[in-house]
Every structure is written in C-alpha cells, then in structure tokens.
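Subject: Structure handover

Hi,

Here is the structure I promised to pass on. Please open it first, then read my notes below.

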Amino acid sequence: MSLVRRCSRTACGRPAVATLTYVYADSTAVLGPLATYAEPHCYDLCAEHSERLTAPRGWDVVRLTDGSAPSRPSGDDLEALANAVREAARPHDRAAQAGGTGQGGAGNGTGETRRGHLRVLRSPDS
C-alpha cells in the first residue's frame, strides 16, 4: 500500500496536492490544500489538474490557500504597483505650479506637506 495519495483523475498517477469538494447546495466547488485523510466524496488532484480546474456553468470555484505557499500577485496588486511607479516618475513641476504644496493644498502648520496619500514630515531641527 502506497503512503502517497494519487490524483483522482483517470489515468493520472501524479501525487495529489489539493482536495476538491463539491457543495451542491451552494453550487460551489471548493479546492483547498490536500486533506489530512481521504474522504469518500472528495477528490484529490495533482498540481496540474488543480490549476486547470473548471466548474460547471453557473457554479463558483473557491480556491483556498494553506498560507505556506508563496502567493502570486493579483492583477490589482500589479496595477497598484504600476500606478505607484508612474506617480513617482511624474515631474515635480506640477507641485511647484500649485504653490509647492502638492495636491493636498496648504500645509497644516506642523511642517507636514501632503501630496496624495503620501506625506513628508520635516525634521523639528530644520
């Protein structure tokens, strides 16, 4: 008897890395980390089959992560990074034209200059 659980897909002998469970009442397929023991109504899948998993039309797929695997950046993360790089690359002439205070308007008298969501605090020595 093998201690390694294999993929449940027909003719696939690769080791299982994830467990698929169907929640029929919610029309949801839940794909999570490999369960600690084999369940009769769950399916163990290898890495390839778990990545290519699709659900029937009208069903949702919920992918749970175990937290130990490195997470991939989402589209929103990449877009936020690109926006931050664009903002940093903008010429500072616009801030000078606006009176040197940036988007946030006039300073608040505490040595703070506000520009967007970032702020610069001046040293009390200066």
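Which residues form one aromatic cluster? They are Y22, Y24, Y43 and W59. More on them in a moment.

First, the ground rules. This is a predicted model, so local features need pLDDT of at least 70 and side-chain atom pairs count only at pLDDT 80 or more, while totals for chains, interfaces and linings use all residues. Residues are numbered from 1 along each chain as its sequence is written, and side-chain values use heavy atoms, with hydrogens and water left out.

**The chain overall**

The chain has 3 helices and 6 strands. These are DSSP runs, numbered from the N terminus: helices are H or I with at least four residues, strands are E with at least two. From the N terminus, the order is β-β-β-α-β-α-α-β-β. The chain has 126 residues, and 17% of them are buried. Buried means under 20% relative accessible area, exposed means over 50%, and partly exposed is in between (1.4 Å probe, protein chains only). Now take the contacts (heavy atoms within 4.5 Å). Of those with a separation of 6 or more, 46% join residues 24 or more positions apart.

**The aromatic residues**

The whole structure holds 4 aromatic pairs. Rings of Phe, Tyr and Trp (its six-membered ring) pair if their centres lie within 6.5 Å; planes under 30 degrees apart are stacked, over 60 edge-to-face, and the rest tilted. Y22 and Y24 have ring centres 6.0 Å apart and planes at 35 degrees, so this pair is tilted. Y22 is partly exposed, at 27% relative accessible area. Y24 is exposed, at 59%. Y22 also pairs with Y43: the centres are 6.1 Å apart, the planes are at 70 degrees, and the pair is edge-to-face. That pair links distant parts of the chain. Y22 sits in strand β1 (residues 18–23) and Y43 in strand β3 (residues 43–45), 21 residues apart. Y43 is partly exposed, with 40% relative accessibility.

**A residue in strand β3**

Next, look at D44, in strand β3. Is D44 buried or exposed? D44 is buried, because its relative accessibility is 9%. Its side chain makes a polar contact with the side chain of R5, at 2.8 Å. The D44 side chain makes another with the side chain of T19, at 3.2 Å. A polar contact is a pair of N or O atoms within 3.5 Å; within protein, one must be able to donate a hydrogen and the other to accept it, and residues adjacent in sequence count only if both atoms are side-chain atoms. Beyond its neighbours within four places in sequence, D44 is in contact with residues including C7, A18 and L34.

Best wishes
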